[in-house]
Amino acid sequence: MVMTRVDEPTLKSYTDRICKTLERNGPTQTLNGRGIFIENGQLTGKVAFLFTGQGSQYLNMAMKLAEMYPIVADTFAEAERTLQEELDKPLREYIKRDLEMPEAEQFAALQNTAISQPATLTVDIAIMRLLQSYGIKADMVAGHSLGEYAAAVAAEIMPFEDALVAVCARGREMASVKIDDPGKMASISASPAEIQPILDEIPGYVVS
C-alpha cells in the first residue's frame, strides 16, 4: 500500500474514477496509471505504514476526517490535552482555516516547526488509528525524520503523549536555530563513487 498526500479536488477525481470503473465493471488495470491498484481476493503481502516527515503540513489537514470520525477527533483532543501547557492555543485552531486571518499568515504560523511537528504527528496517529478501526493494521512501520516518532508510536515502543512532548521540544529547538547559511539538500541519482570526485572539487562544505 502506497499513500501520498493529494488535495481534495484530486482525491474527489480519483474517487469518482474508481466508482465509475467499478460501476461499469471496467478493467481496473486502467487505474494503475493513476497509482490506484485494486485487488480482488485476499492479499498475501505485508502491509507497511510509512510516516511523513516535516513539510507535508497544510491548512485544514484532517479536519474533515475529525468531523466525520470520532476516533480522529478524539486523537486531536488527546493531543490538545497533552500540549495545553506547550502551545498558545489548541492544535486544531492552528490547522483549521481561520477566515478572519490572511491565509498566508495562518500558513506561516502552521509552518513554524514548534507547531507543524506536533500537528503532523497528530494527523499521522489519527489516520493510523482510523485505519486500524477498519482492520487495516501494519506489519511493519517506518518514518522519515519527524515520521520516526509516529513510527515509534505505531510500533508501541513510545506512548503518543511522550512523542508529542518530544516533537514539541524538537520543533522549538529547530525554530530557535538562526544561522546565516541554513544549507540545502539535493538528491542525485548516482553512486558515491561518481559523486565524491565532483564534491571534492567544490569549494566550501559539501557532504554526502
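Reply: Happy to! Buried means under 20% relative accessible area, exposed over 50%, and partly exposed in between (1.4 Å probe, protein chains only). The model is predicted, so local features need pLDDT of at least 70 and side-chain atom pairs count only at pLDDT 80 or more, while totals for chains, interfaces and linings use all residues. Residues are numbered from 1 along each chain as its sequence is written, and side-chain values use heavy atoms, leaving out hydrogens and water.

Let's start at Ser116, which lies in helix α6 (residues 113-133); helices here are DSSP runs of H or I with at least four residues, strands runs of E with at least two, numbered from the N terminus. Ser116 counts as buried because its relative accessibility is 0%. Beyond its neighbours within four places in sequence, Ser116 is in contact (heavy atoms within 4.5 Å) with Gln54, Gln57, Leu110 and Gln111.

Now follow α6 to a partner. Residues including Leu121 and Ile125 in α6 meet a set in α8 that includes Phe160 and Leu164. By class, this contact of α6 with α8 has 11 nonpolar, four polar and three charged residues; Ala, Val, Leu, Ile, Met, Phe, Trp, Tyr, Cys and Pro count as nonpolar, Asp, Glu, Lys and Arg as charged, and the others, Gly among them, as polar.
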